[in-house]
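Please open the model in your viewer and keep the sequence panel beside it. This tour says what to select at each stop and what is there.

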Amino acid sequence: MNRSPKPVRNPAPARGADQIASRGINHVAKRDGTRSPRWRPAATVLVFGAAAAVLISGCASDDGEPRADSSAAASASAGAVPGPATPSAPAAPPSASTAPETASPAPVAPGVPPAPEGNVATSPPRGTAVDDKALLDAARRGDADAVRAALVRGADIEARDGDRRTPLLLAAIDDRVDAARVLVEAGADPDAKDYRNDTAWLVTGVTGSVEMARALLPAGPDFTALNRYGGTSLIPAGEHGHVDYVRFVTTNTSVDVNHVNNLGWTALLEAVILGDGGADHQEVVRLLLAAGADPGIADKDGVTALRHAERSGYRVIADTLRAAS
């Protein structure tokens, strides 16, 4: 019996990667001895494989950047041979707005207080109004230790009382030399004025205290400072006949012995007009003349010191002035 020849089939086309993958899957499925349903076609497998690769590649790395091998993973899942890896873009530099990390504070041992911020150790304490009043009272009564203690507590060295007087001015008014020395050493201002224009230095011309004047010199007082009458410290000293003070000031300071006050009087004129003509005023006149006082300077009415001495009957002073004219 003749059999008709079997038709010759066309040669199988070259198997691509998708077909190899599909047959491999089918083969494995058949060799397990079961009649499991056939697997999905190769195209479907490839689609799922590519989707998985995309999902895998879409996962971010630990630093938040996409994984550089996402394209290679997708190609491998499809059964294709991956090409050369595409170099990944360099990581972007950190943003300028990103705040720098701050170092955590160093651990502190138990029981040890943390170090204070700033130069706290060298900052002077700040006193209260009570401390200021204590300083003013201590200066007024001349308690040098209490003055020092109030300053240590932070009292204001330039505190003022109701008459705008500072501690140093109060000490000068009552001739509290020890308290004044403490204040001068602490930096008190010898030229601070009160409500009637007095300073610690100007007050010494009224009190005639040489010791107070000497205590104030290291503070550098202004010898040109004027009182409420427009006079220097030397003019009231001449009025009161403070011999030792006039001697000290005329030999240790640069005070102007011929300064004229608002009344038109020099120290020489005031010593004659307001003095008593006694021994102290006689000596003051001699000291002023020796320091350069001009006996020819007249007052606002044109009257000289000699004429005033003659009118008042101060014969010794008049003789001294005639000899100097």
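Buried means under 20% relative accessible area, exposed means over 50%, and partly exposed lies in between, with a 1.4 Å probe and protein chains only. This is a predicted model, in which local features need pLDDT of at least 70, side-chain atom pairs count only at pLDDT 80 or more, and totals for chains, interfaces and linings use all residues. Residues are numbered from 1 along each chain as its sequence is written, and side-chain values use heavy atoms, with hydrogens and water left out.

**Stop 1: confidence**

Colour the model by pLDDT, the predictor's confidence in each residue, from 0 to 100. The mean for the protein is 77, and 62% of its residues reach 70 or more. Now select residues 36-87, where pLDDT stays under 50. The model has 27 contacts (heavy atoms within 4.5 Å) for this stretch beyond four places in sequence. Where pLDDT is low, the predicted coordinates should not be read in detail.

**Stop 2**

A salt bridge is a side-chain nitrogen of Lys or Arg within 4 Å of a carboxyl oxygen of Asp or Glu. The whole structure has 20 of them. Select arginine 181 and aspartate 178, which form one with their closest N and O atoms 3.1 Å apart. How far apart are arginine 181 and aspartate 178 in helix α7? They are three residues apart in this helix (residues 177-185), so about one helical turn separates them. Helices here are DSSP runs (H or I, at least four residues), as strands are (E, at least two), numbered from the N terminus. Aspartate 178 is partly exposed, with a relative accessible area of 48%, and arginine 181 is partly exposed at 36%.

**Stop 3**

Select glutamate 310 and arginine 307 in helix α14 (residues 305-312), where they sit three residues apart, about one turn of the helix. Their side chains form a salt bridge, at 3.7 Å from N to O. Glutamate 310 is partly exposed at 34%, and arginine 307 is partly exposed at 41%.

Move on to helix α15 (residues 315-324), in which aspartate 319 and arginine 315 are four residues apart, about one helical turn. This pair also makes a salt bridge, at 3.8 Å from N to O. Is arginine 315 buried or exposed? Arginine 315 is exposed, with a relative accessible area of 60%, whereas aspartate 319 is partly exposed at 36%. Salt bridges that share partners join Arg307, Glu310, Arg315, Asp319 and Arg322 into one network.

**Stop 4: serine 209**

Select serine 209, in the loop between α8 (200-207) and α9 (210-216). Serine 209 counts as buried, at 8% relative accessibility. Leaving aside residues up to four places away in sequence, serine 209 touches Asp175, Thr204 and Tyr245. Serine 209 and tyrosine 245 are 36 residues apart along the chain, yet their C-alpha atoms are separated by 6.6 Å. The side chain of serine 209 also makes a polar contact with the side chain of aspartate 175, at 2.6 Å. A polar contact is a pair of N or O atoms within 3.5 Å; within protein, one must be able to donate a hydrogen and the other to accept it, and residues adjacent in sequence count only if both atoms are side-chain atoms.
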